[in-house]
Amino acid sequence: MSYNIEKENKNIDLFISLTKDILQNELFRGMTQYEHHGTTDTHFHSVYVAYTAMKACEKIGADTEYIVRTSLLHDFYLYDWHIEKHEQYHAWYHPKAAVRNIRKYNVIPLDKKQEDMILRHMFPLAKAPNSLGGWVLTLSDKRCATADYIKTSKKFIPVYNEINRRVEAL
């Protein structure tokens with residue numbers, strides 16, 4: 001999939017309108033310092049996942065705002081997992097760290113369903129998602145993580161840069 005900024009303008013505007021407060025959050029913005037999937041950073045990956053989830057929600061009629069905002073924070077673990085080690089392997093530990101950080105820093109009010117979406121996004125290493133939103137997040141994450149690893153996520157860079165440009169101009 002290739003992205004054309006002119007064709008994506010409406011989607012970019014919608015994405016920013018749904019997530020502007022998170023995108024402007026200093027801790028979220030700081031996620032650019034954490035390498036993710038070898039070729040990107042956690043900030044890029046999270047925006048890519050949430051943007052992908054937004055497009056999926058529109059196609060299936062799901063609660064776009066709820067799912068996109070949760071998806072944007074699915075990897076809000078705030079550490080370099082290549083350096084900082086924990087009692088569990090990163091794949092199992094980071095969803096819990098993300099939930100903890102969202103609450104600790106009061107990024108968004110997080111309900112039980114959103115918590116489950118984040119905790120289960122590592123399926124099949126975690127329990128299977130138990131909601132439509134959970135499946136949208138999980139499958140969007142798998143798609144984007146695969147693109148990160150095989151280096152095709154670079155096609156999203158123009159959209160990512162445009163989102164950042166517009167958010168900085170707010």
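## Cores and a loop proline

Modeller: At 67% relative accessibility, proline 124 counts as exposed. Exposed means over 50% relative accessible area, buried under 20%, and partly exposed in between (1.4 Å probe, protein chains only). This is a predicted model, where local features need pLDDT of at least 70 and side-chain atom pairs count only at pLDDT 80 or more, while totals for chains, interfaces and linings use all residues. Residues are numbered from 1 along each chain as its sequence is written, and side-chain values use heavy atoms, without hydrogens and water.

Colleague: Where does proline 124 lie?

Modeller: Helices are DSSP runs (H or I, at least four residues), numbered from the N terminus. Proline 124 sits in the loop between H6 and H7.

Colleague: Which residue caps the N-terminal end of H6?

Modeller: Look for a side-chain oxygen by the backbone nitrogen of lysine 113. The separation is 3.1 Å, and the oxygen belongs to aspartate 111.

Colleague: What is phenylalanine 156 in contact with, leaving aside its neighbours within four places in sequence?

Modeller: Contact means heavy atoms within 4.5 Å. Phe156 is among the residues with the most contacts inside the largest core. Its partners are Tyr3, Phe44, Val47, Tyr48, Tyr51 and Ile163.

Key
A nonpolar core is a set of buried Ala, Val, Leu, Ile, Met, Phe, Trp, Tyr and Cys residues joined through side-chain atoms within 4.5 Å. A polar contact is a pair of N or O atoms within 3.5 Å; within protein, one must be able to donate a hydrogen and the other to accept it, and residues adjacent in sequence count only if both atoms are side-chain atoms. Helices (H or I, at least four residues) and strands (E, at least two) are DSSP runs, numbered from the N terminus.
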